Amino acid sequence: MISATDSYNRTAELKSFDESKAGVKGLVDAGLSTIPRMFIHPTDPSSSPPKHDVSIPIIDLTGMTNDPVLRKVIVERIREASETWGFFQVVNHSIPIMVLEEMLEGVKRFYEQDVEVKKGYYTRDVAKKVVYNSNYDLYTGPAANWRDTFYCFMAPQPPSPQDLPNTCREILMEYTKEVMKLGRVLMELLSEALGLSANHLNDIDCSEGLVVVGHYYPACPQPELTLGTSKHADDGFLTLLLQDQIGGLQILHEDKWFDVPPVPGALVVNIGDLLQLISNDTFKSVEHRVLANRIGPRVSVASFFTTSFQGTSKIYGPIKDLVSEDNPPRYREVTVSEYVTYALAKGLDGVSSLLNFRL
Ligand code: OGA
Ligand code: NI
């Protein structure tokens, strides 16, 4: 039987949206009051009761590099958070607040610049080092997200400065420098939390590659019908997330959604799939999502430690010191690009990519 819904041409809708190169912001600027069907998610995504009294740990990093007693306490808190929540927030992390604020402003400037100039960056070419588009999995994911995104591969081989958007060029380079520094410190703390020598994760190049991603979540007229970002886990080793004060990020913990409330000056840290894999499931890569909101735009900057396609042929598997006869390896060995290629092709479908690599 043919019903009215069958005549809906989803592909045509996706294509015309994609070809506009103006993203979700372009729709909002055109003044729409209902969201196009391609953004509607099959089940009410925000129906499960969120908001719980407990929240992910906020860890003060004061003393992490120069006070051995405090460092031990910090390592212990990081271990506990990484094993249970897969997420924590850090304060007193050494990145100046001004740098965080300017980074968020820079992302905002990128999206709010002249749309004709912005369209010049719009691409789905995964070989490019600077990419702007909306919904990287537009054609493969089950439903589109109310979000536009740009990303830059900043390490190990950064683009030349003139290829970075001039709306945020300087701050992107400064922010990258700070995030790389903090990332190396966090990898040391995480190594110790795994009972390894402090240099272990840095020595196997977990902090070698960095992708900086600027997300823009425009205000949404029907937030209950869609999502800002669908449920997913991050595929790299580690993610540092800078969010503004609007909120909407939630993590799935014991089958319930928990808000990750914005904390001024804090960065959200989460374990990625590859760190779960090499820690042989000691650390958890936890699923998370971003709700759409009537209020906006919301801006966030996710820094992913991963070598992605730029990576070498280096192979990662469960770290030898962490496996034993009683605790055999749970994953097969992979290269980063093999892992990322699989995760990208799959899109944000809510299923963990790790399952594909389990022994
Ligand atoms: C991501 C992500 C959350 C946010 O980029 O993987 O989960 O708040 N972002 O934008
Ligand atoms: Ni994520």
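Trainee: Which residues of H4 are called buried, and what makes a residue buried?

Mentor: In this predicted model, the buried residues of H4 are Val99, Leu100, Met103, Leu104, Gly106, Val107, Phe110 and Tyr111. Buried means under 20% relative accessible area, so each of these residues falls below that cut-off.

Trainee: What puts them on the same side of H4?

Mentor: They cover an arc of only 155° around the axis, and therefore they lie on the same side of H4. In general, an α-helix has 3.6 residues a turn, so residues three or four places apart point the same way.

Trainee: How do you know what span is expected for helix H4?

Mentor: The expected span is 1.5 Å times one less than the number of residues. Helix H4, residues 97–112, has 16 residues, for which 22 Å is expected. From its first C-alpha to its last it reaches 23 Å, which is close to that value.

Trainee: What makes the approach of His215 to ligand 1 a polar contact?

Mentor: A polar contact is a pair of N or O atoms within 3.5 Å. A polar side-chain atom of His215 lies 2.6 Å from an oxygen atom of ligand 1, so the pair qualifies. For Tyr217 the corresponding distance is 2.7 Å, and for an N or O atom in the side chain of His232 it is 3.0 Å. The protein covers 94% of the 290 Å² of accessible area that ligand 1 has on its own.

Trainee: Which strand gives the most to the shell around ligand 1?

Mentor: That strand is E12, with 4 residues. Strands E5 (210–217), E11 (288–291) and E12 (298–305) each supply at least two.

Notes
Residues are numbered from 1 along each chain as its sequence is written. Chains are lettered from A and ligands numbered from 1 in the order in which they are written. This is a predicted model: local features need pLDDT of at least 70, side-chain atom pairs count only at pLDDT 80 or more; totals for chains, interfaces and linings use all residues. Side-chain values use heavy atoms; hydrogens and water are left out. Buried means under 20% relative accessible area, exposed over 50%, partly exposed in between (1.4 Å probe, protein chains only). The arc is that of the directions from the helix axis to the C-beta atoms. A polar contact is a pair of N or O atoms within 3.5 Å; within protein, one must be able to donate a hydrogen and the other to accept it, and residues adjacent in sequence count only if both atoms are side-chain atoms. Accessible areas come from the Shrake-Rupley method with a 1.4 Å probe; for residues, only the protein chains shown count as cover.
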